[in-house]
Amino acid sequence: MLADALGRPLRFIITAGQVSDITQASALLEGQSGNVVLADKAYDSNALRQIIASIGAEAVIPSNRSRKIIIPHDELAYTHRNRIERFFNQMKHFRRFATIVSPGVV
């Protein structure tokens, strides 16, 4: 999910439960602009960091433990990522929305 600075959703791409969300990150960022992109450790990749730099934004992504050279991030800015976490928490309260199944899919 791509959200604005207030945590309001801008774009959704739904993937299968076992698919890593980073596979859709470039599609979510396509055509977007902004100053900062906040993401968790799961989105720490050189390719995604290049995409973020190409749109003129700063990547605020903590480095994954497997990185040999840790890339620093703005910890104060990273605290604002909780807005999107709160949005997902609200969605869980609306289970009907989250569990809609297409006809023929069981």
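Buried means under 20% relative accessible area, exposed means over 50%, and partly exposed lies in between (1.4 Å probe, protein chains only). K41 is partly exposed, because its relative accessible area is 41%. This is a predicted model, in which local features need pLDDT of at least 70, side-chain atom pairs count only at pLDDT 80 or more, and totals for chains, interfaces and linings use all residues. Residues are numbered from 1 along each chain as its sequence is written, and side-chain values use heavy atoms, with hydrogens and water left out.

**Nonpolar core**

- A nonpolar core is a set of buried Ala, Val, Leu, Ile, Met, Phe, Trp, Tyr and Cys residues joined through side-chain atoms within 4.5 Å.
- The largest such core has 12 residues: L2, A25, L28, L29, V37, A39, Y43, L48, I52, A57, A59 and I61.
- The largest share, 3 residues, comes from α1.
- In soluble globular proteins, nonpolar side chains tend to be buried together.
- L28 is in contact (heavy atoms within 4.5 Å) with M1, L2, R11, F12 and I13, leaving aside neighbours within four places in sequence.

**Helix α4**

- Helices (H or I, at least four residues) and strands (E, at least two) are DSSP runs, numbered from the N terminus.
- The expected span of a helix is 1.5 Å times one less than its number of residues.
- Helix α4 (residues 82-93) has 12 residues and should span 16 Å at 1.5 Å a residue; its end C-alpha atoms are 17 Å apart, which agrees.
- I84, F87 and M91 are the buried residues of α4.
- They sit on the same side of α4, because they cover an arc of only 50° around the axis. The arc is that of the directions from the helix axis to the C-beta atoms.
- Exposed residues K92 and H93 are on the face of α4 turned away from its buried side.

**R67**

- R67 lies in the loop between β4 (58-60) and α3 (75-78).
- R67 counts as buried, because its relative accessibility is 18%.
- Its side chain makes a polar contact with the side chain of N46 (2.8 Å). A polar contact is a pair of N or O atoms within 3.5 Å; within protein, one must be able to donate a hydrogen and the other to accept it, and residues adjacent in sequence count only if both atoms are side-chain atoms.
- Not counting residues up to four places away in sequence, R67 touches D44, S45, N46 and R49.

**K41**

- K41 is in the loop between β3 (36-38) and α2.
- K41 and I61 are 20 residues apart in sequence, and their C-alpha atoms are 6.2 Å apart in space.
- K41 touches P62, S63 and N64, not counting residues up to four places away in sequence.
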